[in-house]
Protein chains: 2
Amino acid sequence: MDDIAQVTAGLVRLSFRVQEIYARVSERHDLTPVQAKLLCVVADGPRGMADLANHFGVERAALTGLVDRVERRGLAERTAVPGDRRALHVAPTEAGCHAARAFKTEMGEELGKLVAGLSPELREHLGQALAQLVGPGDLGTAMCRP
Amino acid sequence: MDDIAQVTAGLVRLSFRVQEIYARVSERHDLTPVQAKLLCVVADGPRGMADLANHFGVERAALTGLVDRVERRGLAERTAVPGDRRALHVAPTEAGCHAARAFKTEMGEELGKLVAGLSPELREHLGQALAQLVGPGDLGTAMCRP
DNA sequence: TATTGTTATACTCTATAACTATA
DNA sequence: TATAGTTATAGAGTATAACAATA
């Protein structure tokens, strides 16, 4: 097996592993992965429905249901937008902010554990490779990308 | 932002990116991501329902529905197991084998493109880091892990 | 009694199409 | 007319619980 084949296989494995962690941490906070992503986004500032749908790459109708469910669970709420009576903003409640914060913290811890076994040099190299592959950015924003 | 935070953020980004590719390639072959995973597994040899459910980490009842759908689409079929009249094996049809092969090939190509921009040294380092993080293994088996 | 697989039911997530209200 | 959001409907994927047949 050549060099590239080995790397690509590792990428797929790693991706599944990270998604497993994401799902497990979400569940531990009584959230679905999608709800966790949504809360992480709106915790950084209220957003409109169309804006959010675009951000997540889903239809507006799908977002209506998503927001319905987090709202029913008391984690977010729709608020009016001054100056445009059609529009709504989605903002986290106090509980939603808390959940988003806890989720992000725990994701950082779990991923930290994952890379803790790497030598400092290898971790440094990994960081360089990742920066080239997917660009820079902090964990907070990474967590809520599509 | 420290070293580890940067790496963990990159891991999350990368994970989402790979999942996007997985979903896009699946769709291009008229499969859902889960169906693609299932076909990749059974293409390596027929497996029992309970075995598959365990492999994917889902309940047996969920697997019944999954297999119903791929069977309805003519991509796999349930076959009797000689020696145990309770058991069933899931085996790919000719069309299912073809879909699995095409899916794996295209995933390899897409992921190859993703890492093509890295310098040989960095790719080598990335390979080492991935091997330590998630172990070795070829793309075929990586593709159908949980 | 334990295991294999299914059925019934319910929930989340998603898409498409048709709709309302506002700009 | 175009945009923001919703409703209605359908389908995939999942879980739990109860069930059948076989070991």
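Trainee: Which base atom of DNA strand D has a polar side-chain atom of R60(A) 2.8 Å from it?

Mentor: A base nitrogen. That pair is a polar contact (N or O atoms within 3.5 Å; within protein, one must be able to donate a hydrogen and the other to accept it, and residues adjacent in sequence count only if both atoms are side-chain atoms). Keep in mind that this is a predicted model, where local features need pLDDT of at least 70, side-chain atom pairs count only at pLDDT 80 or more, and totals for chains, interfaces and linings use all residues. Residues are numbered from 1 along each chain as written, chains are lettered from A and ligands numbered from 1 in written order, and side-chain values use heavy atoms, without hydrogens and water.

Trainee: What does chain B do at the phosphates of DNA strand D?

Mentor: Two backbones come in there. A polar backbone atom of E59(B) is 2.9 Å from a phosphate oxygen. For R85(B), a backbone N or O atom lies 2.8 Å from a phosphate oxygen.

Trainee: New topic. How is chain B laid on chain A?

Mentor: By a turn of 180 degrees and a shift of 0.0 Å along the axis, with an RMSD of 0.1 Å. So the relation is that of a two-fold axis. The superposition is least squares on C-alpha atoms of residues with pLDDT of at least 70 in both copies. In chain B, the C-alpha nearest the axis belongs to S15(B), at 2.1 Å.

Trainee: How many residues touch across the two chains?

Mentor: 48 of chain B contact 48 of chain A (heavy atoms within 4.5 Å). About 4,800 Å² is buried between them, and carbon and sulfur atoms give 71% of that. Buried area is the accessible area (1.4 Å probe) lost on being put together, summed over both parts.

Trainee: Which residues of chain B lose the most area?

Mentor: R13(B), F16(B) and L133(B), together 15% of what that side buries.

Trainee: How many salt bridges cross over?

Mentor: Zero, by the rule (a side-chain nitrogen of Lys or Arg within 4 Å of a carboxyl oxygen of Asp or Glu). Three residue pairs are in polar contact, though.

Trainee: Which helix supplies the largest share of chain B's side?

Mentor: α1(B), with 17 residues.

Notes
Buried area = accessible area lost by both parts, 1.4 Å probe. Helix = DSSP H or I, 4+ residues; strand = E, 2+ residues; numbered from the N terminus.
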